[in-house]
2 protein chains.
Amino acid sequence: MDSVNLKKLSSILGLSVSTVSKALRDSYEISEETKERVKKIAKAYNYQPNIYASSLRKAKSKTIAVIVPRIANNFFISAIDGIQEVAQEKKYHVLIYLSHESYEYEKELVQSFASGRVDGMLISLTRETNDMEHLRQLVNNGIPVVFFDRVSTELDCSTVSTNDYESAFEATEHLIKAGCKKIAHCRISNKLSIGQHRLNGYRDALEKHNLDFHSKYVVKCSDNDVEDYKTIKTLLKDKDRPDGLFTAVESYTLIAYEVCRELGIKIPQDLKLITFSNLRTAGLLDPSLTTITQPAFEIGEKAAAELISAIEKPRYFKPENIILKSVLSPRDSTN
Amino acid sequence: MDSVNLKKLSSILGLSVSTVSKALRDSYEISEETKERVKKIAKAYNYQPNIYASSLRKAKSKTIAVIVPRIANNFFISAIDGIQEVAQEKKYHVLIYLSHESYEYEKELVQSFASGRVDGMLISLTRETNDMEHLRQLVNNGIPVVFFDRVSTELDCSTVSTNDYESAFEATEHLIKAGCKKIAHCRISNKLSIGQHRLNGYRDALEKHNLDFHSKYVVKCSDNDVEDYKTIKTLLKDKDRPDGLFTAVESYTLIAYEVCRELGIKIPQDLKLITFSNLRTAGLLDPSLTTITQPAFEIGEKAAAELISAIEKPRYFKPENIILKSVLSPRDSTN
DNA sequence: CTGAAAGCGCTAACAA
DNA sequence: TTGTTAGCGCTTTCAG
């Protein structure tokens, strides 16, 4: 019950291997008649080409890798959804890897791609990634890379991200206009592009509105819910606690909701909350949550489209830094 | 700047290709001294084996495929997370495909795996899948398959699922005990194992408690939010509308929340709600949502572990039907 | 302990 | 229009 290969097929057909191969790939060299006959038999025998043989031969695999820090995250999920959408359309296969925010593992993964396992790679960097050497090597090996969301512009690669600085600015201003005077920010690692941009937007909005920047109001959160819970609880237990909180990442806000319940802090009366988030249920929360939503699906689509262009038209491809816009949706948590 | 291959490496080392190959794979035939020398140089040149060549040769790729109906779904995400966890540990690569509930596409995908692109496959079936022939063929080709959640026991393959019948029974009983007399059920396709089990559990619980089964209270939902919205609205607008609703799938309940807001139906006073769900924010909703939560991550882990056993120990492997238990978490929506 | 050589299944020159 | 053949990079006999 083994699957047929070209050789068997050709002997069944009484043709040479190469003729069959060409016929199946619609070569102009083969007569219509033969093509038809070959395809019919191939179908009848359910012939499936061995992709390892053809990839080896062509040095192309129609496969791309996607590395994300984690998958249990609404943003990355939607991005992957978008990536899949265009990959499927363009007949690419998608290998998914989770770096779990480990630079070492990211490096190992990226290096393993150098030998051509994939035709290209999409990546959202870990919080720890400083050094781009592993990525540079991959690119030098002729394997295109496209960054999304957590990007680096150090390399000559396309990036797809959002207007984080502006959004953070807008979010902070939104809190100020809602009457907040003491606005805190839960930031994400400043090794990340998004960490810096979101922090800067926050700071500049404060400055514009003549509010002091207090370092005690800027807390660094991690990737660990338990730790973040402590961090946020400490922040909100302070006697001089903030009256507004802008968080760089959805999970921090969900933790803040829990902490507020526990401490009896009322949202939005005592504390107004806004966050970057792709939560589907933002509008159903108690109270409903004001969000800045990134166009995650489109980011994924764009990134995949860029990558596939880079793979298929290496001559004409020009790397670009694509910026998509996020949307602020005001809800009750800042009312 | 091309990546080195075995041949280059061996000429650098002044050894034969086969010696280098063996040394890198720690063959007992090679002296420790040589091994060390080889590995050192291999590392220095960042040698990465060409996976297509070795897969072709060994007819093994250390790659598995995962087919899920969709990815934007908390259950499947967690399951994939679990799959990744064990795949990574066992050094397997994971290709992800979305069937988008299309049987035709599922079939096409499965067939394409026959030639050995992957060493095994994990699948959660589409709502349309009736016929198992494509899967049977794959298995006959020597490529192991493991089902998870949306399973079929028609083939001699492992399955990993949850005690859906009992959970549905328990959920319905939970509503009855909360005082509901007219309990509706939003069901999912009864081509699916889970669709049948959840409906049966619902029906039997009604029967046990001497409540009539009304077909008008059982509505079939789809995969389309807009349609489901209409369906659920019709159900809840009825003058003889239900006072309890048990939905087979998370998204139906989120829609029900929205419909209730719109129609001014108060949860839980006017309508009590319970659903299968892996929503992280169930406890933060307004009102908090009573859920039956499937151990999605563990399902993924188990399924992947089964698959890898089937791949690596074909002789000793015995397919099993593994059932994990879901947990009912009572919250305000049924209070 | 090391090396030579065959061949996995396919593609693409080149020949016929 | 079809066929012959070399070879992609690796693993694995088998010989030395």
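Modeller: On one side of helix H1 of chain A, Lys7(A) and Ser11(A) are exposed, while on the other side of this helix, which covers residues 6–13, Leu6(A), Leu9(A), Ser10(A) and Leu13(A) are buried. Seen down the axis of H1(A), these buried residues fall within an arc of 95°, so they line one face of the helix; the arc is that of the directions from the helix axis to the C-beta atoms. Buried here means under 20% relative accessible area, exposed means over 50%, and partly exposed lies in between, with a 1.4 Å probe and protein chains only. Helices (H or I, at least four residues) and strands (E, at least two) are DSSP runs, numbered from the N terminus.

The model is a predicted one, in which local features need pLDDT of at least 70 and side-chain atom pairs count only at pLDDT 80 or more, whereas totals for chains, interfaces and linings use all residues. Residues are numbered from 1 along each chain as its sequence is written, chains are lettered from A and ligands numbered from 1 in the order in which they are written, and side-chain values use heavy atoms, with hydrogens and water left out.

What covers the buried residues of H1(A) includes helix H2 (17–24) and helix H3 (32–44) of chain A. The helix H1(A) is followed by Gly14(A), which has a positive phi, near 70°. A residue that helps to picture this region is Val38(A), which lies in helix H3 of chain A and is buried, with a relative accessible area of 0%. Leaving aside residues up to four places away in sequence, Val38(A) touches Leu13(A), Leu15(A), Val20(A), Ala23(A) and Leu24(A), where contact means heavy atoms within 4.5 Å. Leu13(A) is one of the buried residues of H1(A) named above. The C-alpha atoms of Val38(A) and Ser21(A), 17 residues apart along the chain, are separated by 9.2 Å.

Elsewhere in chain A, Ser326(A) lies in the loop between strand S11 (321–324) and strand S12 (327–329), and Ser326(A) is also buried, at a relative accessible area of 11%. Its contacts, again not counting residues up to four places away in sequence, include Thr162(A), Asn163(A), Phe276(A) and Pro295(A).

Charged pairs come next. In one of them Arg198(A) pairs with Asp164(A), the closest N and O atoms being 3.0 Å apart; Arg198(A) lies in helix H9 (residues 193–208) and Asp164(A) in helix H8 (residues 164–177) of chain A, so the pair ties together parts that are 34 residues apart in sequence. Arg198(A) counts as buried at 2% relative accessibility, and Asp164(A) is buried at 3%. A network of salt bridges links Arg70(A), Glu101(A), Arg127(A), Arg150(A) and Asp223(A).

Chain A also meets chain B, with 52 residues of chain A in contact with 52 residues of chain B. The two chains bury about 5100 Å² between them, 54% of it on carbon and sulfur atoms; buried area is the accessible area (1.4 Å probe) that two parts lose on being put together, summed over both. In chain A, Tyr52(A), Arg117(A) and Leu284(A) lose the most area to chain B, together 16% of what that side buries.

Two salt bridges are found across this interface. Asp225(B) and Arg280(A) meet at 3.1 Å, N to O, and Arg280(B) forms a salt bridge with Asp225(A), the closest N and O atoms being 3.1 Å apart. Arg280(B) lies in the loop between strand S9 (272–276) and strand S10 (290–293) of chain B and Asp225(A) in helix H10 (residues 225–237) of chain A, so the pair joins two chains. Arg280(B) is partly exposed at 43% relative accessibility, and Asp225(A) is partly exposed at 39%.

Conventions. Salt bridge = Lys/Arg side-chain N within 4 Å of Asp/Glu carboxyl O.
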